[in-house]
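The sequence and model come first.

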Amino acid sequence: MLSGQIPNLVEWRRGPGATRRVLLAALLLTTAIVGVGAVVYSTGGTAYTWPYLMILPILVAAALFQVTGGVVAALAGGLVLGPFMPLEVSEGMTQSTPNWLLRMGVLVGIGAFAGLLFSIVARQMTRLQEYARVDPQTGLPSEYALEQALTQLMVAGENSRSDVRCYLLAVYINNYGSITTLLGPDNTTGLIRSVARELDGLAEGRGKIFQTGTDQLVLLLQTNRREVLRSAREAIAAAQGPHRIGGEQVYVDVHVGAAAYPFHEADEPVMLIRKVKAAMFLAREQDRAYATYDRSLDEAGQRQSTLLGKLRPAIESNRLELHYQPKLDMESGEVVGVEALVRWPRGDGSLTPPGEFIPPAEQSGLIHPLTRWVIEAALEQQALWRSRGIGLAVAVNISPRNFGDEEFLPFVREVFHDYNLAPGDLELEITENALMRNPGQVARIVNELAELGIAFSIDDFGTGYSSLAYLEQLSVETLKIDQTFVRQIEGPGNAPIVRGSILLAHSLGLKVVAEGIETDAVADTLREMDCDVGQGYGFCRPQPAAKLEQWLTDYRPLH
Ligand code: C2E
Ligand code: MG
Ligand code: MG
């Protein structure tokens, strides 16, 4: 990449401090020309070889000021070596006029020719830089342009001693790959431009957009801290879309990283850009919408890698456990299935809850073997129960990351056949938040597996932002209303959300499961609301398989 390291033949005469630099260069050249004159005089006059030394300052002048510089320096040099310079100092011989005039002519010729060559080089360099300043596909300013804009801001700040403060928001388009597959590569330029337009509208003249990679944009904002946080939130919403591209409606899943100047010690454009990108990738790694570059995050990373180092062997040597929680038909009270929930036993006999190791596993890719382990372990248990006359559908939670695993689809297909499953025997729960992350890919995999006979439910419904139009396109059978609304159904605003979700689900032809039912009162309210299935501590806590079997034997449906 072109960077500020190479002295630019044109740019050194522009920008802050240019006049000072030009005057200094002119002074140095004059000194050099006079100096050459002094050398020629002190070495005996123009009859000897030293006059050719004059070519050096002329070439430098041609490089710095092109044709004008070359010619002016050649005229000055020609004069210095001209009428007043003796041919032979010791003998007091003067030069003939044609002699020094001819020399001056040769020098002018050299100066002009060199100046011309340098001006061609300078023009090419400028053109190259112009080219490097914009992305050839989208026409948006490039990372190089961002580097230059930051340099200018920083220089302006230094000169004016004003408190220059700028923020960078780096926006990463997570589902760029699948959008390219959906729309075709020709339309992705349109997508980037559309996202850039949204972000530009948001900057309202206080910022500028740059494209720093095929799937990355950076917004440079000159504003205050409070504003920038608002801007980050708006940037996430604005970038999401929907965008109308090539007749399709496209949703974009973004991760935003932020860095500030001069908050971050990197008082250099390249470092600042590196940091904002690090923040953006951190947001992506941790599956968060927004992250800033922060040293303390390194320590958290350290802790996580220790945990992950132990998790892999735990999966490989079958040391994870599954607990099962029954799902009950709200009318008949019959057990319609169980949800498998993973646990990681610690050495002291206690259990690590999934909330502690699922998120880091998701970031590291360990979620893939983990999900496969859970699915197989749950299906083995189901087969065992079946052999004892207990027929139960099992539900397994899957992570949004699993959709990015190429092995996932073939794996589920394979176990479906290996375990000889009937439609509905295996249910996969996807959180609502996961749906919109990569809508195209999710829909493709869900619909394909649904055709095979896998049931899907949307977990934690009510906490995400899935669009109704999108839900209708998915072969999903069940909505699981998030427990935060159910546990405190009497709390402000919760009952209408639950009632609304049930109505919505039914109108879409979906079944409703309420999770987090802890009391009879809540169960009664849900029954009144026409909820189909319930799950919660009030009925039964998640239990190891043997205990659940005992519970099933003792259980008598009340309704
Ligand atoms: P989830 O899928 O929404 O599961 C329900 C969670 O609520 C479980 O927590 C369950 O023990 C708890 N719960 C059930 N009834 C009640 C109740 O009445 N009151 C309260 N307060 N809680 C109740 P758990 O087992 O800690 O799992 C938490 C989350 O971890 C799950 O939420 C799921 O998203 C994730 N998870 C669990 N197992 C797996 C797994 O095998 N794979 C993946 N990817 N995620 C898993
Ligand atoms: Mg679940
Ligand atoms: Mg849930």
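How far apart do the C-alpha centres of domain 1 and domain 2 lie? They are 48 Å apart. This is a predicted model, in which local features need pLDDT of at least 70 and side-chain atom pairs count only at pLDDT 80 or more, while totals for chains, interfaces and linings use all residues. Residues are numbered from 1 along each chain as written, chains are lettered from A and ligands numbered from 1 in the order written, and side-chain values use heavy atoms, without hydrogens and water.

The chain is divided into domain 1 (11-133), domain 2 (143-293) and domain 3 (313-554), with bounds from an automatic or database domain assignment. Contact (heavy atoms within 4.5 Å) between domain 1 and domain 2 takes 5 residues from each. The two domains bury about 400 Å² between them, 54% of it on carbon and sulfur atoms; buried area is the accessible area (1.4 Å probe) that two parts lose on being put together, summed over both. In domain 1, Pro16, Ala132 and Arg133 lose the most area to domain 2, together 80% of what that side buries. The count of salt bridges (a side-chain nitrogen of Lys or Arg within 4 Å of a carboxyl oxygen of Asp or Glu) between these domains is 0.

The magnesium ion (ligand 3) has donors (N, O and S atoms within 2.8 Å of the metal, or 3.2 Å for Na, K and Ca; water is not among the atoms, so sites may look incomplete) from Asp459, Asp460 and Glu515, at 2.0 to 2.4 Å. Their spacing along the chain is D-D-x54-E. Asp459 also bridges to the magnesium ion (ligand 2), and the two ions lie 4.3 Å apart.

| Residue | Relative accessible area and class |
|---|---|
| Asp459 | 5%, buried |
| Asp460 | 23%, partly exposed |

Note on methods
Buried means under 20% relative accessible area, exposed over 50%, partly exposed in between (1.4 Å probe, protein chains only).
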